[in-house]
Amino acid sequence: MGRKFLSIFVLTVFVLATILAGCSSSKTPESQTPTQETSKPVTIKLGMWSSSPAEKKIVDDQIAKFKEKYPNIDVQIETIVGDYMQKLQTELASNTAPDIFYLDSMPAPQLMSSGVLEPLDEYIKKYNVDVNDFEPALLSAFQWEGKTYGLPKDYNTLVLFYNKDMFKEAGINEPPKTWEELRETAKKLTKNGVKGIVLSADLARFDAFINQNDGSVYKDGKVTLNLPQNAEALDFYVGLIIRDKVADTPQNMGEGWNGDAFAAKKAAMAIEGGWMIPFLKEKAPDLNYGIAELPAGKKKSTMAFTVAYVMNKNSKHKDEAFKLIEFLTGKEGQQFVVDSGLALPSRKSMEANFKEKYPERAPFIDGASYAVPWQFGLYGTKLVDAANKACEALIMKQIGSAQEALDNAQKEVMQSK
């Protein structure tokens, strides 16, 4: 009887334990809740401006690949048409802005300083993102008061485009490498109604010359437009037009911008970025041209135009939003940028891939290490507008010297503060 009772007791305990185990398995312990939460479907909105079909395809392809990796994160693209920044700021104010969105380097300080963006440093550390792989000039454009607010998605630098046929006819074997060579080369190329080089009255072009002359229009949070070395650089730039007469503006050539003048063979050289390549392919498909680094002054310098992905401070899914930013700006996402050739990959580790695929475009990449970001703190477009007016006044001979023109520009910016 004792053994029978023991057997019944053991059987009862086993059945009871099995029932309890079955009940417990039907409920999720608290310790498993976070894992389940992260596996729930989440929708992330990505904001971008209306651009070319080629750029839209890059983003579409990137997102499709991202979905393979994170099937529970749905990404919806919001294309903001019209005035991008104005509409974006309205959405941010009404708490309807996308979770992540494009941000150009120029207006970045306004948003970084206003508290509407989420600092990314915590996520960069959490997900072990190697920010040292980004070109310094690109990353610094999205850093404010010691914090990082954006990771650059791509960029472009300025280079010298030159007409190979015109160079050959003039007996010029290679593009100019210094300011003096630029002047002499332009002289040889200026004939039969063609100018040696087309130059726009735009700080986005002549600031490269200022930086090459050890100058700077904005430094350490201060406007420095009227530095003597800035005036010297602007005098050289404008002098090619008004003194040497080997250059002119696209408007004086009856064209809209530098690309038009170069494509129409009204100028043998032009200073532009990678956007010229698809333009020339469409506008002048038979044009025989080359690409070189910008001629150097006291040192080499060029401009870096970049856009980053930033995160909305009010995003309800910040970890998932950062995973998307990390992918888009990571090596896997950047491969789509390399393959397209539309812009340059923002990661240094991808530059060799780009050069291998597009060896003739190497000067764009080579300039990245000494490029200066296109950004002037909170002064932004006010500084650009004042500098452009100074250049225009010199070209139109409305003012006597570059120093006086930049003195006026400095005063204008400071008075509008």
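Two residues are in contact here when heavy atoms lie within 4.5 Å. The model you are looking at is predicted, so local features need pLDDT of at least 70 and side-chain atom pairs count only at pLDDT 80 or more, while totals for chains, interfaces and linings use all residues. Residues are numbered from 1 along each chain as its sequence is written, and side-chain values use heavy atoms, with hydrogens and water left out.

Let us start with Arg347, found in the loop between α15 (331-340) and α16 (351-357); helices are DSSP runs of H or I with at least four residues, strands are E runs of at least two, and both are numbered from the N terminus. Leaving aside residues up to four places away in sequence, Arg347 touches Val129, Asp130, Asp133, Phe134, Thr329, Gly330, Lys331 and Gln334. Arg347 is buried, its relative accessible area being 7% (buried means under 20%, exposed over 50% and partly exposed in between, with a 1.4 Å probe and protein chains only).

Now turn to a pair of helices. Helix α3 (residues 53-69) packs against helix α14 (residues 318-329) at an angle of about 125°, with the axes 10 Å apart; axes are lines fitted to C-alpha atoms over the stretch in contact, and angles run from 0 to 180 degrees between N-to-C directions. The two are therefore oblique to each other, as angles under 35 degrees count as roughly parallel, over 145 as roughly antiparallel, 65 to 115 as roughly perpendicular and the rest as oblique. From α3, Gln62, Lys65, Phe66 and Lys69 meet Lys323, Leu324, Phe327 and Leu328 of α14.

What does a search of the whole structure find among aromatic pairs? There are 22 of them, where rings of Phe, Tyr and Trp (its six-membered ring) pair if their centres lie within 6.5 Å, with planes under 30 degrees apart counted as stacked, over 60 as edge-to-face and the rest as tilted. Tyr102 and Tyr309 form an edge-to-face pair, 5.5 Å centre to centre with 70° between the planes. Because Tyr102 lies in strand β3 (residues 100-104) and Tyr309 in strand β14 (residues 302-311), this pair ties together parts that are 207 residues apart in sequence. Both Tyr102 and Tyr309 are buried.

Phe354 and Tyr358 make a tilted pair, because their ring centres are 5.2 Å apart and their planes stand at 45°. Phe354 is buried, with a relative accessible area of 1%, and Tyr358 is buried too, at 12%. Finally, Trp179, Phe206, Phe209, Phe236 and Tyr237 form one aromatic cluster.
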